Amino acid sequence: MSVGTYTPRPGAAPLPRMIAAQTAFETKIMLRNGEQLLLTVIIPSLLLVLFSTVDVVTLSVENTGGSGKAVDFLAPGILALAVMSTAFTGQAIATGFERRYGVLKRLGASPIPRWALMTAKTLSVLATEVLQIALLTVIAFALGWSPHGNPLSVLLLLVLGTAAFSGLGLLMAGTLRAEATLAAANLVFLLLLVGGGVIVPLDTFPDGVQSVLALLPISALSDGLRDVLQHGAAVPWGDLAILAVWAVLGLGAAARLFRWD
């Protein structure tokens with residue numbers, strides 16, 4: 001054995017390895033949290049099953065000129081809800097309490113750069129969304145879902161939707177107290193569940209209210225996914241533009257205003 005075989009080599013790990021390790025850690029923490037699982041997996045799954053098997057959504061779709069099974073209308077909206085629950089609500093609450101307990105401040109002083117830490121959080125959100133979408137797709141197929149359209153358009157909508165909701169979630173977590181973030185994130189989740197075109201079609205609202213609701217990121221994401229998966233549209237440019245604007249505004253504001261302590 002040569003001299004120096006076990007000589008220590010202190011120093012930070014390569015940046016890609018640090019990001020990968022932090023991403024895996026963030027994902028494990030998210031999946032082990034019972035409240036996060038309730039929000040990101042159980043609630044969307046129950047909503048999909050429940051409203052696909054009762055008449056209320058079928059009547060709403062028929063009253064607005066829609067056609068097909070209730071699950072064909074619901075599945076795209078529930079996919080949008082899953083993105084929002086993970087990228088916005090779950091991330092805002094988790095990051096808010098990490099900030100309160102000083103976890104972010106300590107991580108910010110570690111070798112991993114702050115932008116790389118935010119990148120790892122975003123990758124963790126994407127990994128969780130892959131699991132969500134896979135589960136919800138299996139449930140929707142079991143309920144008789146018949147999707148159409150271009151998968152690339154769906155992927156683009158999901159990515160932009162994730163960026164938009166991540167920016168808004170990080171903005172909320174980085175500017176409000178943890179308790180306020182908890183209350184606000186859950187309230188926004190409930191309000192957008194009802195008024196974001198997820199379960200109730202936007203056409204059921206008055207024209208003035210409908211015009212405002214259509215500009216929300218959850219409405220753009222759910223309507224865009226519905227246009228592609230239910231109606232076979234090619235590329236919903238209007239909805240993509242709305243999501244892109246929200247992504248730029250949310251991520252830009254979060255980068256500028258986020259407080260680490």
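**Helix α8 and its surroundings in a predicted model**

Helix α8 (residues 178–195) contains 18 residues and reaches 25 Å from its first C-alpha to its last, close to the 26 Å expected at 1.5 Å a residue, where the expected span is 1.5 Å times one less than the number of residues. Helices here are DSSP runs of H or I with at least four residues, strands are runs of E with at least two, and both are numbered from the N terminus. The model is predicted: local features need pLDDT of at least 70, side-chain atom pairs count only at pLDDT 80 or more, and totals for chains, interfaces and linings use all residues. Residues are numbered from 1 along each chain as its sequence is written, and side-chain values use heavy atoms, with hydrogens and water left out.

Ala178, Thr181, Ala185, Phe189, Leu192, Leu193 and Gly195 are the buried residues of α8; buried means under 20% relative accessible area, exposed over 50% and partly exposed in between, with a 1.4 Å probe and protein chains only. These buried residues pack against α2, α4 (70–100), α7 (151–175), α9 (207–213) and α10 (217–229), contact being heavy atoms within 4.5 Å. After α8 comes Gly197, with a positive phi near 75 degrees.

In the model, residues 73–97 are 100% helix and 0% strand, with end C-alpha atoms 36 Å apart. For residues 240–258, the end C-alpha atoms lie 26 Å apart, and the span is 95% helix and 0% strand.
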